[in-house]
Amino acid sequence: QKGMQEIFLASGIGLLWGITNPFLEQGAKDVNIVSPSEENYKSCVFVRWIMFFWKLFRNFKFIVPFALNQTGSLLFYYALGNSSITLVVPVANCISFTTTYICECLMKKTPIECQDLLSILAVVLGIFIAFYLSLIHI
């Protein structure tokens, strides 16, 4: 029972991270670091950084995926405190990597290649092996 809850929690975290990663990348690309009206601030690095983060966090295309991604991080730390670290970390990360790849392919409208599909299947098989081993306590 507990192993099943750990797998579902880690899978949910991985899905949340994986889905939001491409949107974070896309949202961050929409921010211009310095606009022409701010040219006179180019020499001050501190002011440029403040302006950059001000623009970034006012951009809903970035802030919504960022908030969801950070929610996944909070859930991850909760899972680390209440579950087996040897199960939660690999499952969450593998699902995150796999989901990020699939979402990026869908967003960029590029096909998933055969070797990548085999890699995804290997990841899923690894998760099932980890789950099985957690159930029999090896």
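**Helix packing, a salt bridge and a surface patch**

Me: In this predicted model, at what angle do helix 1 (residues 2-29) and helix 3 (residues 60-82) pack?
Reply: The axes of helix 1 and helix 3 lie 8 Å apart. Angles over 145 degrees count as roughly antiparallel, and the two helices are therefore roughly antiparallel to each other. The packing angle is about 155°.

Me: Which hand does the crossing of helix 1 and helix 3 have, and how do the contact residues divide by class?
Reply: Helix 1 passes helix 3 in a left-handed crossing. The residues of this contact divide into 15 nonpolar, eight polar and two charged.

Me: How far apart are the axes of helix 1 and helix 4 (residues 85-108)?
Reply: These two helices pack at an angle of about 35°. Helix 1 and helix 4 have a right-handed crossing, and their contact has 15 nonpolar, ten polar and three charged residues. The distance between the axes is 7 Å.

Me: Which residue forms a salt bridge with K29?
Reply: Side chains of opposite charge can pair when their charged atoms come close. A salt bridge needs a nitrogen to oxygen distance within 4 Å, and the closest N and O atoms here are 3.6 Å apart. The partner of K29 is E25.

Me: Which residues make the nonpolar surface patch of about 550 Å²?
Reply: One of the patch residues, L125, is found in helix 5 (residues 114-136).

Conventions. Residues are numbered from 1 along each chain as its sequence is written. This is a predicted model: local features need pLDDT of at least 70, side-chain atom pairs count only at pLDDT 80 or more; totals for chains, interfaces and linings use all residues. Side-chain values use heavy atoms; hydrogens and water are left out. Axes are lines fitted to C-alpha atoms, for helices over the stretch in contact, and angles run from 0 to 180 degrees between N-to-C directions. Helices (H or I, at least four residues) and strands (E, at least two) are DSSP runs, numbered from the N terminus. Angles under 35 degrees count as roughly parallel, over 145 as roughly antiparallel, 65 to 115 as roughly perpendicular and the rest as oblique. A crossing is left-handed if the near helix is turned anticlockwise from the far one by less than a right angle, and right-handed if clockwise. Ala, Val, Leu, Ile, Met, Phe, Trp, Tyr, Cys and Pro count as nonpolar, Asp, Glu, Lys and Arg as charged, and the others, Gly among them, as polar. Patches are made of residues with over 30% relative accessible area and no salt bridge: like charges are joined within 9 Å, nonpolar side chains (Val, Leu, Ile, Met, Phe, Trp, Tyr) within 5 Å. Accessible areas come from the Shrake-Rupley method with a 1.4 Å probe; for residues, only the protein chains shown count as cover. A salt bridge is a side-chain nitrogen of Lys or Arg within 4 Å of a carboxyl oxygen of Asp or Glu.
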